[in-house]
Amino acid sequence: MKRRDFMTLLGGAVAAWPLAARAQQSGKVWRIGILGPSLASSSTAAQHQAFLAELMALGFNEGKNFTITYGRVDDPRGTFVAAAELMRSPIDLIWANGPEVALQAVVGASGFIPIVILAVNYDPIERGYVSSLAHPGGNITGIFYRQPELAAKQLELLTQAFPNATHLGVIWDALSVDQYGAAEQAAREKQLSLEPLKLEKPPYDFAAAFQTLAHGGAQMVLVLSSPFFTEHRSEIAEAARTNRLPTMFIFASYVKAGGLMSYGVDQVPMYRRIAGYIAKIFNGTKPSDLPVEQASNFELVVNLRTARALGVELPTAILLRADEVIE
């Protein structure tokens, strides 16, 4: 049976599940299982606090009417090991936050448990997890943003910032393969010479990676999105500066850590929206009745301090277009 057919069949079962009755139980304490990026990163921790604050504003307080069990999608032992530990605890709702492997690791063992996704680097419709944006069906709903399309847009902005550069370096790993495919196609269309560097076996050696790209003649670098990158954004920014390589990232946190440019989604509103999904499920709405959303709040952030350190001057058009300029 194809995955899409299985999800459709599952949707019929979930439709009959008395979720509203569960939500109305007196004194109900919901047990949330989250499989997501490490909270050791200050930016991820801040996003998580925004998520908790939004749940509180919606009437749900951690420790009072919900608890959280957390597993790391970037667990050094492997995502499926982290998910197995997470699922050993009684769970009422799962938040699969990050690349497709986060959802893959929990979907088989979830049964009819609601799953909320913040899908990074994959399209849940294309992959057959949900039927459509308006009518997801089954027990999965949430938010996704089209990272592959963003990779192409990031490349376009890089070439606008450095119109004379012809040699592009790309840093990626197994969790950003879809982004890499889009970046590769965009580089081909722009007739850029491509220097791809796929990182294997985390923790990664970013200093060596940037040194390799610099020796290979890269003139600018697109760093794709992976949970194995986020915690090391300061190290990545420093490696780029040391090798005098202009960089483009997806999240502003990389630029605030010393990267040159970023174009992507502001994740804090996404975490707040996830809280809204979870609150609605707590209040009795079935996941199949909650339309899947696409992110639409994209921002361009540039760091002029880094530009000066690299000895580059960004075009006025890029600076005027930027949503935030770090002086």
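Contact, as the word is used on this tour, means heavy atoms within 4.5 Å. The structure in the viewer is a predicted model, and the stops below should be read with that in mind.

Begin by selecting I278, which is found in helix 12. With a relative accessibility of 0%, I278 counts as buried, because that class takes in residues under 20%. Now display what surrounds this side chain: leaving aside neighbours within four places in sequence, I278 is in contact with I32, F51, L55, L93 and V116.

Widen the view next to the largest nonpolar core, which has 105 residues, and among which F51 and F229 touch the most other members. The largest share of this core, nine residues, is contributed by helix 12, spanning residues 267–282. Centre on F229 and, not counting residues up to four places away in sequence, you will find that it touches I171, W172, D173, L199, Y204, F206, V223, L224, I236 and Y254.

For the last stop, select helix 4 (residues 79–88) together with helix 5 (residues 100–107), which pack at an angle of about 45° with their axes 9 Å apart. Helix 4 is therefore oblique to helix 5, and the crossing of the two is right-handed. Showing side chains here brings up T79, F80 and A83 of helix 4, which meet V101, A102, Q104, A105 and V106 of helix 5. Sorted by class, this contact has six nonpolar residues, two polar ones and no charged ones.

Technical notes: Residues numbered from 1 in each chain as written. Predicted model: local features only at pLDDT ≥ 70, side-chain atom pairs only at ≥ 80, totals over all residues. Heavy atoms only, no water. Core = buried A, V, L, I, M, F, W, Y, C linked by side-chain atoms within 4.5 Å. Buried < 20%, exposed > 50% of the residue type's maximum accessible area, 1.4 Å probe, protein only. Helix = DSSP H or I, 4+ residues; strand = E, 2+ residues; numbered from the N terminus. Axes fitted to C-alpha atoms, helices over the stretch in contact; angles between N-to-C directions. Parallel < 35°, antiparallel > 145°, perpendicular 65-115°, else oblique. Left-handed = near helix turned anticlockwise from the far one by under 90°. Nonpolar A, V, L, I, M, F, W, Y, C, P; charged D, E, K, R; others polar.
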